[in-house]
Amino acid sequence: MSEQIQLLSPADGRPVTVENAKGRSAILLVCEHASRTLPASLGTLGLSTEALNAHIAWDPGALAVAQRVSGLLDATLIFQNFSRLAYDCNRPPEAPDAMPEVSEIFEIPGNRGMSSAERQARVDEVYLPFRETLAKTIKTRTGAERDTVIVTIHSFTPVYKGVSRRVEVGILHDRDTRLADQMLALAGQRQEFVMGRNQPYGPEDGVTHTLKEHGLANGLMNVMIEVRNDLIRDETGQGVMAGFLAGLISESLTVPA
């Protein structure tokens with residue numbers, strides 16, 4: 001008999017949340033690294049409180065910015081409710097960093113030596129509900145002949161492995177560059193933040209899974225936004241960034257591609 005593993009309990013709650021489901025905007029916001037919460041069954045994964053609060057566990061400030069952009073644009077927002085250390089919903093199950101054993105300088109003891117059943121439980125109970133919720137939302141919108149533009153929102157640490165990062169806002173894309181091109185062109189004219197194309201990560205780092213799975217595969221315009229997290233540590237910074245991004249996205253979509 002195969003091993004049976006149950007990752008989540010009713011007390012853990014749902015792995016995915018949809019906010020403003022009836023939002024009228026063509027924008028569909030996604031935040032895959034919204035939470036640092038771990039399912040109770042995983043304990044602390046052998047990590048300290050400091051590590052579990054750090055960027056390896058989530059994208060600090062990203063959800064707050066995404067929620068503000070959602071309000072400003074009247075856009076639907078879908079986000080993940082568990083830490084990416086349990087399962088990174090911006091990675092396919094076969095990716096080594098979907099359930100990382102090491103993140104930056106931190107080893108993740110609880111992710112080492114997992115059985116195939118333990119790995120599959122995380123896929124089944126965290127990743128697939130997230131993936132299916134996003135896919136169903138897109139299908140419903142398509143069936144209603146609604147335009148959909150996928151925008152994912154992330155944050156990144158100012159210093160990575162001892163190296164400071166100058167870029168403040170990264171505009172990332174895979175093969176579809178349409179929205180990214182417009183956003184970078186407009187941002188360059190305004191010069192409000194230090195912007196970068198496919199920085200501090202790019203497709204070669206495996207970070208465009210959501211864009212490929214739900215954007216490219218459906219022929220939908222898409223972009224991934226990375227914000228340096230020291231800019232969005234408090235409500236003031238989050239509000240400033242959300243206003244900048246909402247305006248930039250909206251204006252970019254009004255420019256002929």
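## Before we start

This is a predicted model, in which local features need pLDDT of at least 70 and side-chain atom pairs count only at pLDDT 80 or more, while totals for chains, interfaces and linings use all residues. Residues are numbered from 1 along each chain as its sequence is written, and side-chain values use heavy atoms, with hydrogens and water left out.

Helices (H or I, at least four residues) and strands (E, at least two) are DSSP runs, numbered from the N terminus.

Asp74 has a positive phi, near 55°, and is a residue other than glycine. With a relative accessible area of 22%, Asp74 is partly exposed. Here buried means under 20% relative accessible area, exposed means over 50%, and partly exposed is in between (1.4 Å probe, protein chains only).

Glu145 also has a positive phi, near 60°, in a residue other than glycine. Glu145 sits in the loop between α3 and β6, and at 75% relative accessibility it counts as exposed.

## The nonpolar cores

A nonpolar core is a set of buried Ala, Val, Leu, Ile, Met, Phe, Trp, Tyr and Cys residues joined through side-chain atoms within 4.5 Å. The largest one has 37 residues, and Val69, Val151, Ile225, Met241 and Leu245 touch the most other members. At least two residues of this core come from each of β2 (27-31), α2 (62-73), β3 (76-80), β6 (149-156), β9 (169-172), α4 (178-190), β11 (222-228) and α6 (235-254). Helix α6 supplies the largest share, 7 residues. A second, separate core has 34 residues, including Leu47, Ala57, Phe82 and Phe130. In soluble globular proteins, nonpolar side chains tend to be buried together.

Leaving aside residues up to four places away in sequence, Ile225 touches Val151, Thr152, Ile153, His154, Val169, Gly170, Ile171, Met183, Leu245 and Ile249. Contact here means heavy atoms within 4.5 Å.

## Pockets

Pockets and cavities are found on a 1 Å grid over the protein atoms alone: a cavity is a set of points where a 1.4 Å probe fits but cannot get out, a pocket is an open set with protein on both sides within 12 Å along at least five of seven lines, and lining residues have an atom within 4 Å of a point. Grid points are joined across faces, edges and corners, and a volume is the space filled by probe spheres set on the points.

The largest pocket has a volume of about 520 Å³. Its lining has 25 residues, of which Arg84, Arg91, Ser103, Tyr160 and Tyr201 lie nearest the centre. Elements β4 (102-103), β6 and β11 each give two or more residues to this lining, and β6 gives the most, with 3 residues. By class, the lining of the largest pocket has 8 nonpolar, 7 polar and 10 charged residues. In this count Ala, Val, Leu, Ile, Met, Phe, Trp, Tyr, Cys and Pro are nonpolar, Asp, Glu, Lys and Arg are charged, and the others, Gly among them, are polar.

The second largest pocket holds about 150 Å³ of space. Among the residues that line it are Ile5, Ser41, Arg112, Met114 and Glu118. Its lining divides into 5 nonpolar, 4 polar and 3 charged residues.

The structure holds 1 cavity of 30 Å³ or more. The largest cavity is lined by Cys89, Tyr127, Phe130, Arg131, His209, Thr210 and His214. Two or more of these lining residues come from each of α3 (116-143) and α5 (209-215).

## A cis peptide bond

Gln199 and Pro200 are joined by a cis peptide bond, with omega about 0°. Pro200 lies in the loop between β10 (195-197) and α5.
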